[in-house]
Amino acid sequence: MNKLTVICVDDQRDVLEAVARDLQPLESYIDIEQCESAFECEELMDDLDSQGRAIAVVISDHIMPERTGVELLTRIKKDGRFEYTRKLLLTGLATHQDTIRAINQAAIDNYFEKPWVAEVLIEQVKTLLTDFVLNSGMDYEDLMPILDQSKLYRYLK
Amino acid sequence: MNRHIKAVVCFGLPLLVAFLPLTLFPIESFTLVQQRVLAIFLMAALCWVLEPIPIFATSVLIIVLQLLTISNGGFFLFTQSDSGNLGELLSYQSIMSSFASPIIMLFLGGFFLAMAATKYRLDINLARVMLKPFGEKPSRVMLGLMVITAVFSMFMSNTATTAMMLSILAPVLAVFSKNDMGRVAMALCIPIAANIGGIGTPIGTPPNAIALKYLVGDDAISFGSWMAFGVPFVIILLAFAWLLLCKLYPSSEQSIKLEIKGKFLKTTQAYIVYVTFAATILLWLMGKTHGMNSYVVAMIPVAVFTITKIITKDDLKKISWDVLWLVSGGIAMGAAMGETGLAENIIASIPFENFSPLSIIFGASVLCLLMANFMSHTATANLLLPIVATLGMSMDSLIPYGGAQGIILVVTFAASLGMSLPISTPPNALAHATGFTSTNQMARTGVIIGSVGLLLSYVLVFLLIQVGFIATI
């Protein structure tokens with residue numbers, strides 16, 4: 001089975017590990033990658049993409065040195081290769097202006113504030129994975145257990 | 001024109017023709033079946049020109065009306081006649097089979113190749129590699145873009161190629177200064193190259209495939225031989241178009257840099273796409289050595305890509321069925337006109353012998369070019385080629401000038417050369433929508449390139465006769 005990839009970006013290791021731990025229940029269907037900076041994330045995406053891996057969701061912090069999360073997500077949005085990749089901003093310190101840019105320029109699909117609730121995050125990631133799978137036209141049969149069922153029914157109808 | 005008036009004209013006039021008494025038509029041995037085909041043809045022509053309904057819907061309507069009125073499975077009032085002038089009914093199987101004619105399968109194979117190439121980004125990655133040697137000087141970059149667009153549009157749809165190339169180009173054009181004429185040239189070069197490139201192979205654009213339908217028996221042209229004269233034609237016309245654009249709309253930028261991100265995919269499936277793509281084209285080119293014709297070869301990628309899940313059932317839904325059906329309708333129209341003897345009868349009742357053969361070739365190709373500027377290239381070919389083909393077959397005086405092959409080729413090329421207006425072709429519409437070129441500018445280059453291309457096609461046929469490719473005895 002072709003596993004989906006979820007990338008987490010945060011300059012704090014403990015946050016990355018916490019997110020990865022929360023997403024563990026999905027592990028048999030997704031690969032969770034961890035990046036400590038926006039640059040690392042873009043390089044990784046470049047590599048993964050040329051290996052034909054499906055990058056379904058990017059979960060990014062906003063305040064990071066060098067390149068912010070909103071900048072990173074904006075660049076991903078503009079990249080034709082990642083047309084279907086879903087974007088989630090996970091931050092505690094974004095200003096009102098940052099949030100506006102995150103929505104208008106990076107077109108993020110979801111916004112989470114730190115600290116987050118694991119169950120809510122995992123449900124949301126499932127919805128984003130479903131959107132990715134259905135929009136990119138992947139085979140969804142193997143992934144059924146982790147997809148948002150109501151969304152799937154609506155699509156198949 | 002008002003929508004209702006359009007509908008009345010498009011369906012009213014043909015109805016009138018269908019129910020007039022036979023004796024009113026100045027055509028010898030005219031039958032009821034032929035009269036109905038004539039009415040359907042008139043409806044198709046009006047509908048394709050005025051577009052009261054989508055053009056592919058017109059095609060579907062042609063086939064359904066044929067089934068109802070001139071097939072042996074049709075409505076009982078149409079299949080029985082006491083007067084003895086009914087004529088011969090066509091078999092319903094043969095009419096329905098136009099949906100799956102070899103021409104359609106050839107195009108389907110082409111669609112599969114193009115879809116797989118896009119999905120595994122072979123197209124964009126090739127574009128990145130091919131663009132490099134052209135450097136950063138604006139005129140060179142433009143040449144590079146035109147070459148790539150032309151090559152791709154030989155195997156992908158002209159529209160898809162244009163969309164891909166414009167997406168690369170648009171961010172760069174946005175930073176050009178407002179009054180730099182170079183922007184116009186850049187925006188125009190893509191659709192021009194796509195339209196010209198389509199001429200290069202039988203699957204480059206639907207009119208070529210439709211032409212193959214009429215190039216049968218002794219007139220048949222293989223995939224490889226089409227490319228043998230099509231590609232040089234494309235190269236010369238492309239070079240001319242490039243020079244023209246450089247002259248008319250020179251750029252004041254010193255250098256431009258196109259950024260295309262990405263790497264060649266290195267998965268098993270990507271390699272399957274690369275190999276299948278190359279192998280299919282090679283098999284198409286070497287038709288003579290392995291005995292498989294291009295229609296049979298076209299089915300290979302269809303099988304390979306579906307069993308390897310490269311084309312999934314979701315992808316299958318994205319195939320341009322409208323294009324396939326548009327061509328099917330044309331095939332059915334042409335077949336009905338041929339098999340009922342209508343085409344021959346019409347041509348026999350017009351004294352074409354009184355015209356010089358050259359004026360007929362000239363007239364048909366100019367008419368085609370004009371029509372193609374205002375309506376769909378495919379619909380133009382659908383309408384004109386059945387008549388032109390019959391004319392080419394039946395007129396002996398045409399033989400020294402290339403006979404059926406010659407006139408079919410010239411008219412087919414003319415169908416691709418209609419590119420002077422935003423409405424002429426989807427690639428033109430896309431380029432116009434970028435806002436970097438006005439209708440005037442598009443018309444200026446389109447008219448010049450169209451006329452030069454038409455002249456060049458006469459030269460081509462002349463040369464093909466000289467080298468003996470087209471027999472003149």
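Analyst: Axes are lines fitted to C-alpha atoms, for helices over the stretch in contact, and angles run from 0 to 180 degrees between N-to-C directions. Helices (H or I, at least four residues) and strands (E, at least two) are DSSP runs, numbered from the N terminus. This is a predicted model, in which local features need pLDDT of at least 70, side-chain atom pairs count only at pLDDT 80 or more, and totals for chains, interfaces and linings use all residues. Residues are numbered from 1 along each chain as its sequence is written, chains are lettered from A and ligands numbered from 1 in the order in which they are written, and side-chain values use heavy atoms, with hydrogens and water left out.

User: At what angle do the axes of helix 6 and helix 17 of chain B cross?

Analyst: Two packed helices are described by the angle between their axes and the distance between the axes. The axes of helix 6 (residues 102-119) and helix 17 (residues 321-339) of chain B come within 10 Å and cross at roughly 165°. The two helices are therefore roughly antiparallel (angles under 35 degrees count as roughly parallel, over 145 as roughly antiparallel, 65 to 115 as roughly perpendicular and the rest as oblique).

User: Which residues of helix 6 and helix 17 of chain B make the contact?

Analyst: Contact means heavy atoms within 4.5 Å. Helix 6 of chain B contributes residues including Phe107(B) and Phe111(B), and helix 17 of chain B residues including Trp321(B) and Ile331(B). By class, this contact has ten nonpolar, one polar and no charged residues (Ala, Val, Leu, Ile, Met, Phe, Trp, Tyr, Cys and Pro count as nonpolar, Asp, Glu, Lys and Arg as charged, and the others, Gly among them, as polar).

User: What is the strand order of the open sheet in chain A?

Analyst: Two strands pair if DSSP finds at least two bridges between them. The open sheet has five strands in the order 2-1-3-4-5, with parallel pairing. Strand 2 and strand 5 (110-113) of chain A each have a single partner strand, so one side of each lacks a neighbour in the sheet. Six bridges join strand 1 (residues 4-9) to strand 2 (residues 30-35) of chain A, where Val9(A) has Cys35(A) as its bridge partner. Four bridges join strand 4 (residues 86-91) to strand 5 of chain A, and Leu88(A) is partnered by Asn110(A).

User: Which helix packs on the sheet and touches strand 1, strand 3 and strand 4 of chain A?

Analyst: Helix 3 (residues 69-78) of chain A does so, and its direction makes about 180° with that of strand 4 of chain A.
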